[in-house]
Amino acid sequence: MSPREPRPTVPVTIDGQEVMAVEDETILSLARRVGVDIPTLCYLEGLSVYGGCRLCVVEVNGDARLKLACATPVWADMEVRTDTWDLREHRRRIIELLFAEGSHICATCVSNGACELQDLAATNRVDHIHYDLGFAPNLPLEPVDASHPRYVLDRDRCVRCSRCVRVCAEVEGAAVWEIAERGGNSRLVAEMDVPWGEASSCTSCGKCVLVCPTGALSFKGSAIGEMRHDPEVVAFLARAREEEEWLDRSAGSGSASEVRS
Amino acid sequence: MHDIHVIDPVTRIEGHAKITLHLDDQGEVADARFHVTEFRGFEEFCRGRPLAEMPALTARTCGICPVSHLLASAKAGDAILGVPAPPAAQRQRRLANLGQIVQSHALSFFHLSAPDLLLGMDADPATRDVFGLMQAEPEIVRRGIGLRRYGQEVIEAVTGRRIHGHGIVVGGVTDPLTSDQRDGLRAGLDEALAAAEATVELSFGLLDRFAAEVEIFGRFPSLYLAHCAPDGTWEHHDGTLRVIDGDGAIVVDQFDPAAYRDVLGEAASPDSYLKVPYWKEAVSDGDPATGMYRVGPLARINVAERFGTPLADAGLAALRDRVGRIASSSFLYHHARVLEVLASLEHIAMLLDDPVLLDEHVRAHAAPNRRRGVGASEAPRGTLFHDYEVDAHGVVTAVNLVIATGQNELAMNRTIRDIARAYVTGPELTDGILNRIEAGIRAYDPCLSCSTHALGQMPMVVGLIDPRGETVDERHRG
């Protein structure tokens, strides 16, 4: 079956709304198509699914075991609930834990006003952090890596969503970034944990900076509140590649030699 | 030396402090100390931050004068980049500083000090505040609120917000000023100028009523330090420093603020979080207190020959006719402040007529070209220095902030001592004494959140301490 032909559909109920889902699509994809909002953080359209942040959890068929909307395909007669008291509470706790873990002091952050973590806190009504802060305000856990001539990495603002890791490997093909260590010790590293400016595989394309949801990756020289990311660029690139937008189809098969200059 | 009287909290100033009055064996006031009891540590936690974050980060030192920190910080950043901000950005920054002086001085004069000045120092404390004043003198309060609002509108036009704006950055400013914004500022100017003129008149009239306070509140010779144009015109943001002595003789002129460490020392004291700067050359017997100098509005009007604007210069001439070329009483800080409000508005008018102000090239970009940079500017309370060092990647490795209120600490101690000597007559701290000591401090408009890079409301403790170090009397407020 060609991917361009319509795929079979199955009936699914999402928050009481009966809809037809495309077979094999994820709950998240369906929800977005039918206008149901499920919060996400690590998920980014155009990249592989990571399932790390757990913000997109939903209830399926009343099962106490929650499912990841980004990673769970729909099936026929599935009943999905995305907005229960338990789910809202669960998401708030995740967001609080992210705040407790790093230096998320919006007033002095380059991404203030354009931060997905900040937006998540606001939309999910997080007004207190109920956990001990792993971070004495403004005393760094890790030094800022400003060794790259154009970009800055502040690991204390990183939420380990791995968008940068994936965009670098999957879209740019450079695979500079990796998450090292595990659990609370996990940290973003360039190559074999070298200063970013010394990572010879980095092409300085800046896609990692564009997809970063917080102020962890920023353009060098950004003043506080000045950083603007552009994560949608990945979906644009993925679509363009899938649709072969930059290939001259009139010339035939679309091999590299036929790419328009 | 013994007795400590403690006034705590000192109210209607920006921050948190206590005062101790030390008595000698005869029960006379031998010394007075102004202690700042809060700790913040900006100089510590700014280390490790990228240079570009510094202006808005250090601006969080204070909600009264964030613009002053933005400016000094951005200038220190420019010095590290090694590039000047574009001409339009320099004018926008000057405009913001003038707005800052207007709003901060209006706050100090109308909201904080006018209750003492207009209702009287012995008026009922319950109504001796801006609300009581609103009942008694609604027109005057309205004028003060209007002036403060106008200053904040000027700040908002440049920085994007009235408080904790972000438009002033290393290399310039973020956005060009539009002709609509300029016209909006022009529209409010006449009313502000009229209010400032009326305030100068009001304040000048108060000098008769408070003739005794003018004598007692910190009337002593000292050095004065401020920015000043080479030709002697009042300056609030750029250029070099001038220092004069108590007789008006120039001690140092056209001094590059970047070399401040050559002339200023900083003493740490065990009983205050405020670092005390002193003029090194004047120090005798190794006692920093002998290196006292004053900064701020009083210093600026003493250091400068003229404001360079007609209305303010007329007001300055009237003051000099009355008190002489050098205004040596700290009580006259109040009048210096209202003269500066008027001068700032006149300078705003001139800037708004400057076509370069609207130029769209407002930001210079560069990588750090130097490892150290100093930025200095006249904050409302006096000369502010930001001194940064960075590593090869532009990450800050060392920070020193020299704050106006700190520089006035020695003069404040002396002022409190003089007031206490004049009014303390026994082992008890009366309301009259407390009121006058508070008013004496308030003349300096100290900002303790800035000076300690500290945080919070400003309660006051005054202690009276006997020669054995025991507290004879202690009063708390706040």
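Two strands pair if DSSP finds at least two bridges between them. Strand S6 (residues 223-227) of chain B and S11(B) pair in the parallel sense over 2 bridges. In this predicted model, Tyr224(B) has Arg294(B) as its bridge partner in S11(B). The pair belongs to an open sheet of 4 strands in chain B, with the order S8-S7-S6-S11. Pairing in this sheet is mixed. Strand S8 (250-255) and strand S11 (293-294) of chain B stand at the edges. Each has a single partner strand, so one side of each is left without a neighbour in the sheet.

Chain B also holds an open sheet of 3 strands, ordered S12-S13-S14. Here the pairing is antiparallel. Strand S12 (372-379) and strand S14 (396-402) of chain B are the edge strands, and each pairs on one side only. Neighbouring strands of this sheet are turned against each other by 15 degrees on average, direction ignored. S12(B) is joined by 8 bridges to strand S13 (residues 382-390) of chain B, and the two run antiparallel. Within this pairing, Ala376(B) has Phe385(B) of S13(B) as its bridge partner. A helix accompanies these strands. Helix H3 (residues 66-81) of chain B lies across S12 and S13 of chain B. H3 of chain B runs at about 150 degrees to S12(B).

Helix packing in chain B was examined next. Two packed helices are described by the angle between their axes and the distance between the axes. Helix H12 (residues 333-352) of chain B packs with helix H7 (residues 179-209) of chain B at an angle of about 155 degrees. Their axes are 9 Å apart. Angles over 145 degrees count as roughly antiparallel, and H7(B) is therefore roughly antiparallel to H12(B). Their crossing is left-handed. The residues of the contact of H7(B) with H12(B) comprise 16 nonpolar, 4 polar and 3 charged.

H12(B) also packs with helix H4 (residues 87-119) of chain B. The axes of H4(B) and H12(B) come within 9 Å and cross at roughly 150 degrees. This angle makes H4(B) roughly antiparallel to H12(B). The crossing of H4(B) and H12(B) is left-handed. From H4(B), the contributors include Arg91(B), Leu95(B), Leu98(B), Ile101(B) and Phe109(B). From H12(B), they include His334(B), Val338(B), Val341(B), Leu345(B) and Ile348(B). By class, the residues of the contact of H4(B) with H12(B) divide into 12 nonpolar, 6 polar and 4 charged.

Chain A was considered by domain. Its domain assignment gives domain 1 (9-83) and domain 2 (88-240). The centres of domain 1 and domain 2 of chain A, taken over C-alpha atoms, are separated by 25 Å. In the contact between them, 15 residues of domain 1 of chain A meet 23 residues of domain 2 of chain A. The side of domain 1 of chain A that touches domain 2 of chain A has 9 nonpolar, 3 polar and 3 charged residues.

The two chains also touch each other. Their contact takes 17 residues from chain B and 17 residues from chain A. Helix H2 (residues 54-59) of chain B gives the most to the side of chain B that touches chain A, with 3 residues. That side of chain B divides into 8 nonpolar, 6 polar and 3 charged residues.

Definitions and conventions:
Residues numbered from 1 in each chain as written. Chains lettered and ligands numbered in written order. Predicted model: local features only at pLDDT ≥ 70, side-chain atom pairs only at ≥ 80, totals over all residues. Contact = placed C-beta atoms within 7 Å. Nonpolar A, V, L, I, M, F, W, Y, C, P; charged D, E, K, R; others polar. Axes fitted to C-alpha atoms, helices over the stretch in contact; angles between N-to-C directions. Parallel < 35°, antiparallel > 145°, perpendicular 65-115°, else oblique. Left-handed = near helix turned anticlockwise from the far one by under 90°. Domains from an automatic or database assignment.
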